[in-house]
Structure formats: C-alpha cells, structure tokens
Amino acid sequence: MIREPGMSVRLKLTLSYAGFLMLAGTLLLGAVGFFLLDYQDRALEVMPVVMAPSGRDLIKDFAPDAAVVMLLLLLFGLLGGWILAGRMLAPLNRITAATRQASTGSLAHRIELEGRDDEFRELADSFDAMLARLDAHVAEQRRFAANASHELRTPLAITQSLLEVARDDPERDIGELHERLRVVNARAIELTEALLLLSRADQRSFTREPVDLSLLAEEAAETLLPLAEKHGVTIETSGDVTAVNGSRALLLQLTTNLLHNAIVHNLPEGGTVQLRTTASATSSTLVVENTGEEVSPERIWTFTEPFQRGTERIRRDHAGVGLGLAIVKSIAQAHDGTLSLAPGVAGGLRVTVRLPGGSMLLGDRQDVSR
C-alpha cells in the first residue's frame, strides 16, 4: 500500500510536548496577569490613584517579560520534547530494525531489549518469541522439503532404472518388471498421499463434528486385524465414550497410524497392542501401547520427525514412508491437542494423544474389549 509521506512519530511527539508546554505556560502567565490586575484594583482602594500603577502600565511592563518566557518555553519544549521522544522511541527503532532484517529472510536476529518490564519490553519479547517460532518452523520446513525430495526421488530413480533395464534387455521377463514397477509406483502414491494428508492437517482445512475416539479405535483395530494376525500381535481395546470435536477422517487416520506402527514395531512373536480411551471433564485421551524392544528416551523425540523410521525397530514389510508419527503429531496439533511418547514399562512404546473434550450425541456405550 502506497501512502503519502507525513511527519515522523518523533516530530509529532515533539510538537505535542512543546504544544502542551506552551499551553501550560500561557495558562500560568494568564493567571499571573489576572492576579496582578486584581491586585492593582485592590491597591486603588487603599492608596491614591496617582501612586498606584494603571492596568495598562502593568500590561505594558508585563508583556515583554511574558513574551520572553513564552519563547524560552517554546525552545525548551521543542528541544526537550525532541530528546525525550527520541529516548522513548529508541526501543521502537530497535524493533523496526529487527523487523526489516526479518523481512529480508534473516530470522536469527533477536532484539533482546533490556530494562524493566513495560509496553515496549513486552512487544520486543513477543517479537523475539515470534522470530524464534518462525525460525524453527522455517528450519523444519526446509528439513522436511529436503527429506521429501529425497524420498520422492528414490521410487522415481528405481522406476527409471527398471525401464532402462527393460529397454536394454528386451527378452527380460515382463511380468517381473510389471510387478516391481507396481510396487515402486504404489510406494510413490502412498508417499504422495501421506504428504497431502500432512499438508491438510497443518492447514486445518477440515470441518469439525462430534467424534467418539473409542469407536475409531475399534474401527482401526478391525481394519488392521489381518496385519496383526500376520505378525502374531494381539490387539486389545478398552474404553467408554470419549468425545472430541474434529474431523472423523483425520482422527481415524491418527488412530490407524498409531495402531499400524504399534503392530509393525513389535515383538517377532507373541506381541500385544493396547488401545485405551479415557475421558475427563475437559479432555479426551487415546493411549496406544505396544510390546517390543526397549527404546531409549534419547531416541524417542526423533520418532515424530518426518522420515525418521528408527532403523533398529523397523521391519522390512509394511515399513511405511516415515510419516506415520509426523502425521499423528500434525493431526493432534490441528485439533488443539498434544502428542507425547514414552518408553513402555516392559519395552515398546507408549503413545498418548490428549485432545480437548467435546460433546457427543451418541448413546451411552459399555466398556468394550477385544
């Protein structure tokens, strides 16, 4: 937006200070002149007229001195106002300089305004916090873009290699080539859909509606039951009505991703997965806990990073694209919730999703277990 040039805030404050000082001086001198004239009237009552000065003489004698005083007040007001305005606006100048640096893409600069707590200090601290969040977000986005480019390049490079092999070896088995191309293409599609889902969750472009987390847990368990049987994992679900307001599709994806990870990253045989839903007056909680190898607390924080699969825990089949917990984290945050990870008591991982409670128009349901 193009604006016409105008006076600076410092000049406006200076003129305001000088104007108020001149007004105060005028009122003060007017009061002195009034008292002098009143004194002159009272003096005429007690002394001869020839000995008392006239009102005109008083004004004539008083006016030059008053003019000098007003001029001095004007100069003092302009000079003092300019200095005071500069000192008052110095923090704002630092904030403006930091804003200009941020507009050029430099987010590492911080104002770090010293002094006692006041409006400018609060503004500077808020701006520093915003810069820190933006810096972390930009770094995360760059990391994500680099990882996504790498992950998408892999299936494309494999596809190109298979096509080149087929071109150089016309007698190669076409059926085997088709099958390998189908697997690679399916992985590329899965990764693309995961990226789109992650973007949708980050943008919060969904309609909220009443959802029962316990029903979603049951639905996810039924869907992934064949995968659990294949890996020898037992799924146990428990909980009563756990209401939240959000997107049913996204929350189902959240539950499915957690259950899928819990099945895949489990013991080779005899593993279990527990899905529990609980509700309180203000929040609804989904807990997914599985058995498995012990996980060090130092490695847990990396699991929610995109494309961090945890190579020590991963299986060859159904490995996913490395976005499972990243999608869960984004969906939870999009619903104003939190995601926390902790090592299981006897190995494995315990994942807790806590969401704000919502209203549920469904009938009461008894505890269920499988």
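Visitor: What makes helix 9 (residues 324-334) largely enclosed by the rest of the structure?
Guide: Of its 11 residues, 9 are buried, so helix 9 is largely enclosed. Buried means under 20% relative accessible area, exposed over 50%, partly exposed in between (1.4 Å probe, protein chains only). A helix here is a DSSP run of H or I with at least four residues, a strand a run of E with at least two, each numbered from the N terminus. This is a predicted model: local features need pLDDT of at least 70, side-chain atom pairs count only at pLDDT 80 or more, and totals for chains, interfaces and linings use all residues. Residues are numbered from 1 along each chain as its sequence is written, and side-chain values use heavy atoms, leaving out hydrogens and water.

Visitor: Which residues of helix 9 are buried?
Guide: Among them are Gly324, Leu325, Ile327 and Ala334. Just after helix 9, Asp336 has a positive phi of about 60 degrees.

Visitor: How do you know that the side chains of strand 2 (residues 233-239) alternate?
Guide: Val233, Ile235, Thr237 and Gly239 point to one face and are buried.

Visitor: Why are strand 2 and strand 4 (residues 271-279) said to pair?
Guide: Pairing requires that DSSP finds at least two bridges between two strands. Strand 2 and strand 4 have 7, in the parallel sense, so they pair. Gly239 has Thr277 of strand 4 as its bridge partner.

Visitor: What does Leu259 touch?
Guide: Leaving aside residues up to four places away in sequence, Leu259 touches Ala220, Ala221, Leu224, Ile235, Val273 and Leu275. Contact means heavy atoms within 4.5 Å.
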